[in-house]
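The structure is shown first, and the points follow by topic.

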Amino acid sequence: MSILPALASRRAGVRGSAATPYLFLLPYLVVFVLFRFGPVVGGFLTSLTSWSIVGTPRFVGLANYRALASDPLFYTALKNTCYFLVLTAPALVLGGFLLALLLNRPLWGRGAARVLIFAPYAMMSAVVGILWNWILDSNFGLLNFYLARLHLGPIPWLSSEAAAMPAIALTTVWWTVGYNMVIFLAGLQEIPHELQEAARIDGAGAWQVLWSITVPLLRPTTFVVVMLTIINTFQVFDQVYVMTGGGPGTATLTLVQYLYFQAFETFRLGYGSAIAYVTFAILLALSWLHRFLPSEVAA
Amino acid sequence: MTARRSAGGARPVPASARARSGCAAGKWGAAAAAHAVEIVCVLMFVAPIVWMISTSLKPEGQILSYPPLWIPRTWTLENFQSVLARFAFVRWTVNSIAVAVAATALVVALDAMAGYALARFAFPGRSLIYQTIIAMLLVPIQVTVIPLFLVFAQMHAIDTYQALILPTTANVTGVFLMRQFFLGIPAELEEAARIDGAGDFRIFSQVVLPLSRPVMAAVAALTFVSSWNNFLWPLIAVSSDRARTLPVGIAQYMGGHAGTSGSAPAFGPALASAVMATAPALVAFFLLQRYFTQGITLTGIKG
Amino acid sequence: MRRTWVLILCVALSIVVAAPAAIPVRAAAPTDLVFWGGWTGPDGDVMRGLVDQFNKEHPEFKVTLTTLQWTPLFDKFLTSVRAGQVPDLLAMHPQDIAQFSTLGLLEPVGEMVQHAGFKGSDFMDVAWKGTFYQGTQYAIPIDMHMHGVYVNLDLWAQAGLDSNRLPTTGTEFVAATKRLTVDAAGRHPDDAGFDPKAIKQYGLAMPNNHHGFYMWYALISQQGDPFLTADGSRAIFSDAKSNAAWQWLQDLVFKDHVVPVGETNPYQDFVTKRTAMLIDGPWQIAGLEKVPGLRWTTTTFPRVFNAPAAWGSGHLFTIPKQSSRARQEAAMTLAAWLVRHSQQWALSGNVPALLSVRSSAFFRGLKGRRGFVAEQPYEVILPDIKNSAQVFSAAAPSAIVVSAQAVLIKGDQVSRVTQDLRARLNAMLATP
């Protein structure tokens, strides 16, 4: 069967049967409904029950949500998650942006630098957690050693309520800022050189080029990075599980950690599902915020 | 993105227009500074990895020593041997590989077909189906873990490969990327093939797919890494070494932290297992980072 | 292209469908035994060695040992019950029996234990009794363990203390820890000019996780304070005694400065000689024996209040309910074999429950057990309640861990911690 290229005929040939698109879609849809969509709906139904892991479910309506509204540990988890967000998101977005700016310049070895800075992202969370458990060790850890050189007292990173969340934030930034850098780099490379050249010829300094051209043109990319960062940091679980388990005390208890604790360590599946749904609702709300931003930003 | 005239165009030349009138030393200074910053940044990201490798090669006595030594005084493989002797590390790795390979193959196959259907065909329900699929992007995966657990428990399929592969196969980003890509392919080629009498599946496999290597590679890379690093669901779904994957094995056996029972494992074996788990991933990453970056870029820019 | 496509799909599908970990059909032959236990420290290595030996001696069996920390282990047990795949032999503690037997998950083993040739008088009374719940026996015991104090003999001698006079009372204990705590200028906590920020050596390392709670439990028991009602439905410890217990522990950290604040790894602190003493259980012995240049011994948990008491527990083997009687009997064979090899298990540090081993010359000749053995008559075990996995969970946000860390890491006011602990415990106990 020869395929004649560039036969720019708009005449739609005889299409296959009407069932064809469904056939193409079917394998995916089956998996999707069974293992993604179904569970999402199922999760909501589960949140309306009281269900112990070895028992049978009992319908309780919105009782779980009511209990959640007066659960101090839930609010702690919410507060901690927001705190984590505040600690990591600006660093991740700004860090990614600055690194991309730096490595967009014609520097020697920038290709290798980009790959090396991105490399931590390829490491699994358990490994990152173990490595940083070691680096943050109060007595023999690398970080405290260098802090001591700067005459800053040893900080009990993972066993002090004040320092535990910043420790996890630091780990997270090291681990994932490369991802944001890659996205920003792609965005930077889409900015036409001519614009920046024109500005410079017109006499603009490097700062002005940055503020007047680069940043505005990067807004859609920045928007994507901010949304992805917020969504991902809100769902933090892995590093917390490996490094502190939610401790010391409840200092690093995050929403997903609390979900896991309720569902799989206290065996209240219904209650755990309610926590999951509330987290989902908050994320939805956060992502709808973009409607309130200037229209040129909405990608 | 609309191009705008730079605001600087109408202004007088600022006094600090170093870029044009700066002396050579100023330019070199800026370049040197930039290179210095580059080196510092790279060091900050690479140093922990080097430290991980260095620690894994030290005997326990040297690990807990102060000041820390970057280069071991005596090298030893005892940490690696200890891990391999005491834990089913190889089995975990094999499980991770099998699950990731199967999930990746399935995702690429299923998502390509689904993306094609959504991009090329007009059929009743298309919009609804697509919107539903995309809506799932906003749903955090944690919402699904409890019901997924109940489903697989009911089928007595906990602690199996299926339990690990199938939820990953239901991913959304792949469909999204595929559809975007197919929309970007000019329809003429397919029309031409249709005129020649080719059936839908033939057009798909012989015309469209060969053109789709970039997106397929990107989706494959993203899915493989995502499956490889997947943690929460495997943590719940796995209860024995039969299906235990690498991240879960390492976290459960090597992770110890304030708040768990007072038997935090020694650092040597923990870091040796970290090195063994990371080395193949890093090697693969360095070889394939192009596709991975591509995938992220596609998600980022278009998304 | 099409052929490659099909090939890839075939590979994927075959992995999915025919994988070695495919939907399991339980092996018909009772040879593949699944054994779960929570020994993740050096004692885990000893158990692994025992299992290997069993496999060698019994080629008709193939036992796989899974070790996870106790709390996640029980979590996994419940999820695997839900999934219909239980382990054949499950280790646990006396205080866990109530929950799992009430849920109907454990097989009564009275007859099987008898058939294996054991009777009550073979074992320590406490250990044997711990295998019963409401008159039915659900387990066979193998050891007891409890909190004790490890002492670094070299640092002890350096401080001019007599190693024949190890502390037994709270006062002696605190005095010793102060002698063993030195700051950079060589001063002790009670000396003028002592600088708590420049301490070079601490007197004591102690756990601040759920084991911190266990120490509190021992201290209220020392005051004769009951912890829960007999039916386990309410917490009835008194404010005054609870506060006294927490306060004594907290003062060690914040007032006397003999314990480092915010320890993440007390065992590591002891091994690296950052501290001269360590409160921990006997499971560390197997690891301590391998540390070069460390001379140590053990003594009892200090008697701070009226009567001596120390937290204790034990390991016992249970047989989960399942459809295959053959597998259950095979599991009992394994359990009986392990109990008969208590001498080897004693090398893990735990004190054997089998009287013949415990009173043997071999055991008495083992180094460093004396503190634990001396304490054994005074050990207090946690009450056996129906939701022990939740109430006594070692997960970070659990009530017992939060209270211990509030006292020992944050330095919170103990009266508030007592109130919070009681409130949270009662909330959980009221709805088993």
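In chain C, five strands make up an open sheet with mixed pairing, in the order S8-S9-S10-S7-S11. Its edges are strand S8 (182-183) and strand S11 (296-300) of chain C, each of which pairs on one side only. The model is predicted.

**Sheet of chain C**

- Strand S7 (residues 148-152) of chain C runs antiparallel to S11(C), and five bridges join the two.
- Within this pairing, C:Val149 has C:Thr299 of S11(C) as its bridge partner.
- Helix H8 (residues 170-180) of chain C lies across strand S9 (199-205) and strand S10 (275-280) of chain C.
- The angle between H8 and S9(C) is about 155 degrees.

**Helix pair in chain A**

- Helix H1 (residues 20-46) and helix H13 (residues 269-288) of chain A pack with their axes 8 Å apart, at an angle of about 120 degrees.
- H1(A) contributes A:Gly43, A:Phe44 and A:Thr46 to the contact, while H13(A) contributes A:Leu269, A:Gly270, A:Ser273, A:Ala276 and A:Tyr277.
- The residues of this contact between H1(A) and H13(A) comprise four nonpolar and four polar, with no charged ones.

**Contact between chains A and C**

- Chain A supplies 24 residues to the contact and chain C supplies 23 residues.
- On the side of chain A that touches chain C, helix H12 (residues 255-265) of chain A gives the most, with four residues.
- That side of chain A has 11 nonpolar, 11 polar and two charged residues.

Definitions and conventions. Residues are numbered from 1 along each chain as its sequence is written. Chains are lettered from A and ligands numbered from 1 in the order in which they are written. This is a predicted model: local features need pLDDT of at least 70, side-chain atom pairs count only at pLDDT 80 or more; totals for chains, interfaces and linings use all residues. Two residues are in contact if their C-beta atoms, placed from the backbone, lie within 7 Å. Ala, Val, Leu, Ile, Met, Phe, Trp, Tyr, Cys and Pro count as nonpolar, Asp, Glu, Lys and Arg as charged, and the others, Gly among them, as polar. Axes are lines fitted to C-alpha atoms, for helices over the stretch in contact, and angles run from 0 to 180 degrees between N-to-C directions. Two strands pair if DSSP finds at least two bridges between them.
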